[in-house]
Amino acid sequence: RPAFWDGNQWTTFGVEAGITGALFPLDNVVRDSVRDNRYAPLDDGLNTVRSITGGGTYYFAASATIFGSGLIVQNEKLADSGFLAFESVAYAGGLEEGLKFVTGRKRPNSARNQFQFQGPSGRGFNSSFVSGESTVAFAFASSVSEVWQNPWVTWPLYMFAGAVSAQRITDNKHWLSDVVGGAFLGHAVGKTRSEEHTSELQSLT
């Protein structure tokens, strides 16, 4: 939760925000390049991955399923990962919706260029910055990965999140900086929430 981040966490966030901002000048180039070099099998594969998520609702369902499974089999670690994933996705989703409302950035399928920000009076929650699906995908991946600390868990989750993010670009719904910014935001929320939970558990022992 950003309200409880320490100095190092805010420094990391500042660096990631700077990287996201530095990508803005490349957004048009990337959009045009993707549009001019479409590859149907890749598009179909990315669309299939994205369709699994139902536009983001998948992460709440998956989190609840993991949590419930942990309770059923009495596996505290499994239940913790589900609970933290649900919490991280909710926090990250709220933050990205706030950013969308404040910035009002036009989506690449309707914008003249990548610098059209209309502010709160513009497109509101349907704006482009940041990508909501990228944000919640990486929040889910990072929170679960932090709990398990296992490459067989981490790599598939991040690959899935990356595929969802890539689809938002190939489908011309988001700019490159939208998905990168969303990935950074989701990762930060998921990672720090899991770290906070670990600290809380340690303080009780």
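User: Is Phe 24 buried or exposed?

Analyst: This is a predicted model, in which local features need pLDDT of at least 70 and side-chain atom pairs count only at pLDDT 80 or more, while totals for chains, interfaces and linings use all residues. Residues are numbered from 1 along each chain as its sequence is written, and side-chain values use heavy atoms, with hydrogens and water left out. Buried means under 20% relative accessible area, exposed over 50%, and partly exposed in between, with a 1.4 Å probe and protein chains only. Because the relative accessible area of Phe 24 is 15%, Phe 24 is buried.

User: Which residue lies over the face of Phe 24?

Analyst: A charge sits over a ring if NZ of Lys or CZ of Arg is within 6 Å of the ring centre and within 35 degrees of the ring normal. At 4.4 Å from the ring centre of Phe 24, the residue over its face is Arg 105.

User: What kind of aromatic pair do Phe 67 and Phe 83 form?

Analyst: Rings of Phe, Tyr and Trp (its six-membered ring) pair if their centres lie within 6.5 Å, and planes under 30 degrees apart count as stacked, over 60 as edge-to-face and the rest as tilted. The ring centres of Phe 67 and Phe 83 are 6.3 Å apart with the planes at 50°, so the pair is tilted.

User: How accessible is Phe 83, as a relative accessible area?

Analyst: Phe 67 counts as partly exposed, at 33% relative accessibility. Phe 83 is also partly exposed, and its relative accessible area is 42%.
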